[in-house]
Every structure is written in C-alpha cells, then in structure tokens.
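Have the structure open as you read.

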Amino acid sequence: MIGRSNVGKSSLINMLTRSDGLAKVSQVPGKTRLINFFTINKAWNLVDLPGYGYAKVGRKQRESFSAAVSDYLRERENLRGSFVLIDSRLSPQKLDLEFLQWMVENGLAFVLVFTKTDKLCSDAVERNIQTFLTQMCQITEEQPTYVLSSSKAGQGRSEIFGLINAARAEKLEASI
Ligand code: GTP
Ligand code: MG
C-alpha cells in the first residue's frame, strides 16, 4: 500500500484484515514511518509503506523515507504489485501524478485504489475518478486497473482480494 500521507493506507489494511488497530491509523499525516509487514495466513505479506508528501518531518528524514520506499518498490524481488491509493475527494494532485509517472518509468505494476468514497456522493466520486484517469493518459497508454474503496463502509474488499489472489496465482504458476 502506497500513497500520500493520510490517504488511508493503514485503514485499508485494517479493513482488509478485519482487524481494527492492526496497522496504526491517525488523523495526523505521517503516522506510518516504517515499512510494516503484515503476514497473512503464514503465506504472504501485506505491506504498509510510509506515505509520501508529508511536509512536517525534517528534509533529511523525508529523503530517507522516500529512498527506503523507492528502493523497496524497485528492488524487492518478491513484491507482486502495488496498490497506489488516491483520495477520491480530490481533483488530481501533482504529487500523485508525479509518483505514478515514476512507477511507470520504473516499469512497476500497480492498481489504483480511490479511497474514502463514503465521504462524497457517488456522482462526485465518479467525476473525480474520470478526471484522474484522463490525466493518467498522459503518463501511460495502458488504462490502469482501479478499485473504489471505503475502509469505513468495507467497500472494495472483495475486489482487492480478487486482485491479490490473481497476482499470487500468477507467481505460483511462474514457479512451477
Ligand atoms: P500515513 O500513515 O500518515 O501515511 O497515513 P495513512 O495513509 O496510513 O492513513 P490512515 O489509514 O492513518 O488514515 C488517515 C485518516 O483518514 C484517519 O483519520 C482515518 O480514519 C481516515 N480514513 C481512512 N480511510 C477512510 C475511509 O475510507 N473513510 C473515511 N471516512 N475515513 C477514512
Ligand atoms: Mg499509515
């Protein structure tokens, strides 16, 4: 799980695992500062990455976050894919688009997750998603896979597990 600070990465992990308090959630951005691994059924890991774009830590610390995160995303051999979380309430944010550009440049597979859909009416969510996808056309020719989610309402859970299971099955097939 990767995305801007406060977008809802840790909340999503708690929603997926149905374990409130497993990943630490906070209203204050910058809560997750380490790369946290949550082992599921002793078989695979959900990874909670520190958010990007959190201005309140010192510059040096901020750089080391992004270095740790970018090394992880680029070099972790058994990383099957990333969910890039985008706040569904907002118009496209430069920081998110820059991050996605970096993902594409590095050939990293991702699925977009539009978070906090419970906070807006569905028409407004749909409009924001379409605007975002239009901007994505300038970054990649491929139409990205995307999911709508609300950690509060449990929306997106089965779709996200479907995508995770498909990625895991691909890996098993490749290793046979
Ligand atoms: P960092 O660890 O700081 O990068 O943040 P994060 O991306 O892990 O966000 P976190 O899960 O801590 O959530 C940030 C805030 O958004 C908290 O106050 C959550 O309760 C709230 N939040 C997260 N997801 C949802 C959602 O789907 N709906 C609503 N209404 N609030 C949400
Ligand atoms: Mg967090």
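## Where the ligand sits

Ligand 1 takes up the space of the second largest pocket. Keep in mind that this is a predicted model. That pocket holds about 550 Å³ of space.

Its lining counts 28 residues, and those nearest the centre of the second largest pocket are Asn6, Gly8, Ser11, Val25 and Lys116. Helix α1 (residues 9-17) contributes the largest share of this lining, with four residues. In terms of class, the lining of the second largest pocket splits into 14 polar, nine charged and five nonpolar residues.

## Around ligand 1

Now for the ligand's own shell. There are 22 residues around ligand 1, and the ones that come nearest are Lys9, Ser11, Gly30, Thr32 and Asp118. Sorted by class, the shell has 12 polar, seven charged and three nonpolar residues.

Which atoms make polar contacts here? On the backbone side, a polar atom of asparagine 6 is 2.9 Å from an oxygen atom of ligand 1, and a backbone N or O atom of serine 26 lies 3.1 Å from an oxygen atom of the ligand. Aspartate 118 uses its side chain instead: an N or O atom there is 2.7 Å from a nitrogen atom of ligand 1. As for cover, ligand 1 taken alone exposes 650 Å², and the protein buries 89% of that.

## The largest pocket

The largest pocket has a volume of about 740 Å³. It is lined by 28 residues, with Asn45, Asn78, Leu79, Arg80 and Gly81 nearest the centre.

Which element gives the most to this lining? That would be α5, which supplies eight residues to the largest pocket. Elements that each supply at least two residues are β3 (44-48), α2 (59-75), β4 (82-87), β5 (110-115) and α5 (157-175).

By class, the lining of the largest pocket has 19 nonpolar residues, along with five charged and four polar ones. For the second largest pocket, recall, the numbers were five nonpolar, nine charged and 14 polar.

How values were computed
Residues are numbered from 1 along each chain as its sequence is written. Chains are lettered from A and ligands numbered from 1 in the order in which they are written. This is a predicted model: local features need pLDDT of at least 70, side-chain atom pairs count only at pLDDT 80 or more; totals for chains, interfaces and linings use all residues. Side-chain values use heavy atoms; hydrogens and water are left out. On a 1 Å grid over the protein atoms alone, a cavity is a set of points where a 1.4 Å probe fits but cannot get out, and a pocket is an open set with protein on both sides within 12 Å along at least five of seven lines; lining residues have an atom within 4 Å of a point. Grid points are joined across faces, edges and corners, and a volume is the space filled by probe spheres set on the points. Ala, Val, Leu, Ile, Met, Phe, Trp, Tyr, Cys and Pro count as nonpolar, Asp, Glu, Lys and Arg as charged, and the others, Gly among them, as polar. A residue is near a molecule or strand if one of its heavy atoms lies within 4 Å of it. A polar contact is a pair of N or O atoms within 3.5 Å; within protein, one must be able to donate a hydrogen and the other to accept it, and residues adjacent in sequence count only if both atoms are side-chain atoms. Accessible areas come from the Shrake-Rupley method with a 1.4 Å probe; for residues, only the protein chains shown count as cover. A molecule sits in a cavity or pocket if more than half of its atoms lie within 2 Å of its grid points.
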